[in-house]
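Colleague: I would like to learn how to read a core and a salt bridge in a model. Can you walk me through both?

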Amino acid sequence: MKFKVYSADASSTSEKDFDNFPAFEGNKGLQALKDVIVAYQANNRQGNAKAKTRAETNRTGKKVYRQKGTGNARHGDRGAPIYVGGGIAHGPKVRDWSKHINKRVKTLAFQRALFNKASEEGIDLIEKFEVEQPKTKLFNALLGKIQPTGKVLIVDREFNDNAALAARNIDRVYIVDADSINAWDLMRFDKIVASEEGFNRILERANQR
């Protein structure tokens, strides 16, 4: 598959063909991609929401009023859910939302996410990320020549200090190294801009068996 490659200052472009880029036909890998994205989202959930039940509240156990003769409903103590400070009926409990996905499914999902993003022309390459000083203005100007709008994922094998410091303050930009990027990262950004080194590392990971 061919990709547009920008020069380091984004002033010119060329095309480069990558023979080892994963290719798919039909719906192969889509279910794996869905499962992996759901798992990533689930694993980010804290699961620590907790409401006290009637048994866990610190309320008096004294009967509110006598059982018969008042014309009111029969009540026991102030810990009942209808009272202020009482327990919560059917409230949230602490739970573990995490899901386990095996390595082969993760690899298949990663390959499919790469293929989908490339098919949408959502991946551009740059020779390398290089700015003279760690200034946001310089990196923003460089990025504006490649992708002026939208959420952008910047990928490199290893970021130099100037580029990392310059990019981190741009709201629409998220930076990640090629060893950490995952299928969910590939799908949730409008554009992936990767250095050639970073992209080669991504393909190494995608083709691991």
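This is a predicted model: local features need pLDDT of at least 70, side-chain atom pairs count only at pLDDT 80 or more; totals for chains, interfaces and linings use all residues.

Colleague: Which residues have the most contacts inside the largest nonpolar core?

Modeller: Val 155 and Phe 199 do. That core has 31 residues.

Colleague: Which helices and strands each supply at least two residues of this core?

Modeller: From the strands: strand 1 (2–6), strand 3 (123–126), strand 4 (152–156) and strand 6 (191–195). From the helices: helix 1 (30–43), helix 2 (103–119), helix 5 (183–188) and helix 6 (196–206). Another core, of 18 residues, lies apart from the largest one. Tyr 6, Ala 10, Phe 139 and Ala 163 are among its residues.

Colleague: Back to Val 155. What is Val 155 in contact with, leaving aside neighbours within four places in sequence?

Modeller: Its contacts include Phe 129, Val 176, Ile 181, Ile 192 and Ile 202. Asp 177 and Ser 195 are also among them.

Colleague: Now the charged side chains. What is the general idea?

Modeller: Side chains of opposite charge can pair when their charged atoms come close. Here the count comes to 9 salt bridges.

Colleague: Which residue forms a salt bridge with Arg 201?

Modeller: Asp 179 does, with the closest N and O atoms 2.5 Å apart. Arg 201 lies in helix 6, and Asp 179 in the loop between strand 5 (173–177) and helix 5. The pair therefore ties together parts that are 22 residues apart in sequence.

Colleague: Is Arg 201 buried or exposed?

Modeller: Arg 201 counts as buried, at 15% relative accessibility.

Colleague: What about a pair inside one helix? How many residues apart are Arg 188 and Asp 185 in helix 5?

Modeller: They are 3 residues apart, so about one helical turn separates them. Arg 188 forms a salt bridge with Asp 185, the closest N and O atoms being 3.0 Å apart. Asp 185 counts as buried, at 6% relative accessibility. Arg 188 is partly exposed, at 30%.

Colleague: One more case. Which residue forms a salt bridge with Lys 128?

Modeller: Glu 130, with the closest N and O atoms 3.3 Å apart. Lys 128 is partly exposed, with a relative accessible area of 42%. Glu 130 also counts as partly exposed, at 45%.

Note on methods: Residues are numbered from 1 along each chain as its sequence is written. Side-chain values use heavy atoms; hydrogens and water are left out. A nonpolar core is a set of buried Ala, Val, Leu, Ile, Met, Phe, Trp, Tyr and Cys residues joined through side-chain atoms within 4.5 Å. Buried means under 20% relative accessible area, exposed over 50%, partly exposed in between (1.4 Å probe, protein chains only). Helices (H or I, at least four residues) and strands (E, at least two) are DSSP runs, numbered from the N terminus. Contact means heavy atoms within 4.5 Å. A salt bridge is a side-chain nitrogen of Lys or Arg within 4 Å of a carboxyl oxygen of Asp or Glu.
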